[in-house]
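Please look over the sequence and the structure shown below before reading on.

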Amino acid sequence: GRLSNKADLAYVKWAHSRGLQVWALFSNNFDPDLTTAALSTYERRLNMIKQLLAFAQMYQLQGINIDFENVYTKDKDKLTQFVREMTPLMHEQGLTVSIDVTPISNSEMWSVFYDRKALAEAVDYMIVMAYDEHWAASPIAGSVSSLPWAERSVRRIIEEEAVPPAKLILGIPYYTRLWTETAEGGETKVSSKTFSMDAAQQWISERKLKPVFDPATGQNYAEYKEKDGVLHRIWLEDETSIKARVQLVHKYGLAGVATWRRGFESEHIWSVLNEALLARQ
């Protein structure tokens, strides 16, 4: 139950000087065995909560964001109990509590262990990480987060898990993947490379490509074939996709958006995001 501290007071001061709140991310390091041990007893859970409260005071935080992933299904109830124990004590200190969840799937380690309904009752906000529809090692190329898939992810959590839309925050990616398809022995081999928004635009401009809108994903798409037949494909995160994602916030009455992560975005995308969010208010 002893926490490792990676907080940065200079960052907090930078954010506060711009009128921004800081919600610190509390991660389980995606380690299932460590998570089992940490959640196993009330004493260990309380020990973690006390440390978080102390860090929140030390770094003048406004909230805590819980990011537990890759957890054994057997720890489902323990995680829920931890959040139930933690939230009232955080609220006493004036802190907002949020938790990150994946879209609903059959994956035991990445989805099934979240009791989204019970967690939503305990926390102030639930952030659905609506990305990695096609992950880095995916056997087929595709969008990191196509718009129809992102919308289904939101709708299923609202309808199947009874999470109030006003508590739900849509997580959106500021990154994409460049996919490379090669033919080997009659099969198509796929590999990928993660690109920031600017890196993706640079790759396109260097090859003088003109992206086209792909209605199936709701994104701009580009491809490039080498002389040896190797095919490169990319579904873009840009002004078009960001505006479309914000429309989901308005359509379902969600609390807002969360982005992963700072540093992957084009500088102008913040104003695009802000204008789109304010458009319906």
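## Strands around β4

I127 has I169 in β5 as its bridge partner, in a model that is predicted, so that local features need pLDDT of at least 70 and side-chain atom pairs count only at pLDDT 80 or more, while totals for chains, interfaces and linings use all residues. Residues are numbered from 1 along each chain as its sequence is written, and side-chain values use heavy atoms, with hydrogens and water left out.

Strand β4 (residues 125-129) and strand β5 (residues 168-173) run parallel and are joined by 4 bridges, where strands pair if DSSP finds at least two bridges between them; helices (H or I, at least four residues) and strands (E, at least two) are DSSP runs, numbered from the N terminus. From β4 the chain passes through α7 to β5 in a right-handed β-α-β crossover, a term that applies if, with the strands pointing away from the viewer, the path from the first strand over the helix to the second runs clockwise. Strand β3 (residues 96-101) also pairs with β4 in the parallel sense, over 4 bridges, and I99 has M126 as its bridge partner in β4. Because 4 of its 5 residues are buried, β4 is largely enclosed by the rest of the structure; buried means under 20% relative accessible area, exposed over 50%, and partly exposed in between (1.4 Å probe, protein chains only).

## Aromatic rings

Rings of Phe, Tyr and Trp (its six-membered ring) pair if their centres lie within 6.5 Å, with planes under 30 degrees apart counted as stacked, over 60 as edge-to-face and the rest as tilted; the count comes to 13 aromatic pairs. W23 and Y125 are stacked, at 5.9 Å centre to centre and 20° between the planes. Because W23 lies in strand β1 (residues 23-27) and Y125 in strand β4, this pair ties together parts that are 102 residues apart in sequence.

## A buried glutamate

E181, in strand β6 (residues 175-184), counts as buried at 16% relative accessibility. The side chains of E181 and R233 are joined by a polar contact of 3.1 Å (a pair of N or O atoms within 3.5 Å; within protein, one must be able to donate a hydrogen and the other to accept it, and residues adjacent in sequence count only if both atoms are side-chain atoms).
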